[in-house]
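Here are a few exercises to work through with the structure open. Try each task before you read its solution.

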Amino acid sequence: MSNVPATSATPRRDQIRREAARLFAARGFLGVGVDEIGKAVGISGPGLYRHFSGKDAMLADLLVGISERLLEEGRRRAGAADGPQAALEALISGHVDFALDDSDLITLHDRELLHLREEDRRRVRRLQRGYVELWVQVVREAFPRLADPTSEPLARAAVHAVFGLLNSTPHSIGVKLAQGDRAGLPRAEMAQLLHRLAQGAFAAASDGVAEGVA
């Protein structure tokens, strides 16, 4: 049975999520106790059990939750866009916001996915595959050269390359400052840079078809 709780979100639950993600990312899932998470949110460790059944459930809630959110928000953005190029712009903007604002969750996924129960891990992987397929579809619609079936592997590789770029950036641009800025570059400028780099990667993949890369 899945660890993901079915109860609805509350301000306290959201606070617990944020602090659990921060602590897990900083010290590892196995290095953080329930009492420490409780102290961070101002309640007793046992008081956390009114919101989550334990640390396993918190981790599942975080990793399954962000996978669901990315897919649902991606579908919403793409569906509301006026054409393929606008859909791609919307997807990139959404993922850039995620990478800059939720870097703790990226760290959790990279390091702690193995600590999920098998059912929850499969669920995360299934949601991630859906997210990738959404991007591949939109990229191939936005760049007609990539629409040919023989170019599908190139489009898919470009999507994964862009994910790698965006998801690794928070780990390499310094300490987070107030208002989400980071050492060396304000958040808004970093977001614009990442957006341009992502678009450039997809344009390069499209140009690669013309040059015979695919």
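**Exercise 1: a charged pair at a loop**

Arg145 is partly exposed, its relative accessible area being 41%. (Buried means under 20% relative accessible area, exposed over 50%, and partly exposed in between, using a 1.4 Å probe and protein chains only.) Before going on, note that this is a predicted model, where local features need pLDDT of at least 70, side-chain atom pairs count only at pLDDT 80 or more, and totals for chains, interfaces and linings use all residues. Residues are numbered from 1 along each chain as its sequence is written, and side-chain values use heavy atoms, with hydrogens and water left out.

Task: find which residue forms a salt bridge with Arg145.

Solution: 
- Apply the rule: a salt bridge is a side-chain nitrogen of Lys or Arg within 4 Å of a carboxyl oxygen of Asp or Glu.
- The partner is Asp207, with the closest N and O atoms 3.3 Å apart.
- Now place the two: Asp207 sits in helix 8 and Arg145 in the loop between helix 6 and helix 7, so this pair links distant parts of the chain, 62 residues apart. (Helices are DSSP runs of H or I, at least four residues, numbered from the N terminus.)
- Asp207 is partly exposed too, at 38% relative accessibility.

**Exercise 2: a charged pair inside**

Task: work out whether Asp61 and Arg13, which form a salt bridge, are buried or exposed.

Solution: 
- Start with the distance: the closest N and O atoms of Asp61 and Arg13 are 3.6 Å apart.
- Check accessibility: Asp61 is buried at 9%, and Arg13 is buried at 3%.
- Widen the view: Arg13, Asp14, Arg17 and Asp61 are linked in a network of salt bridges.
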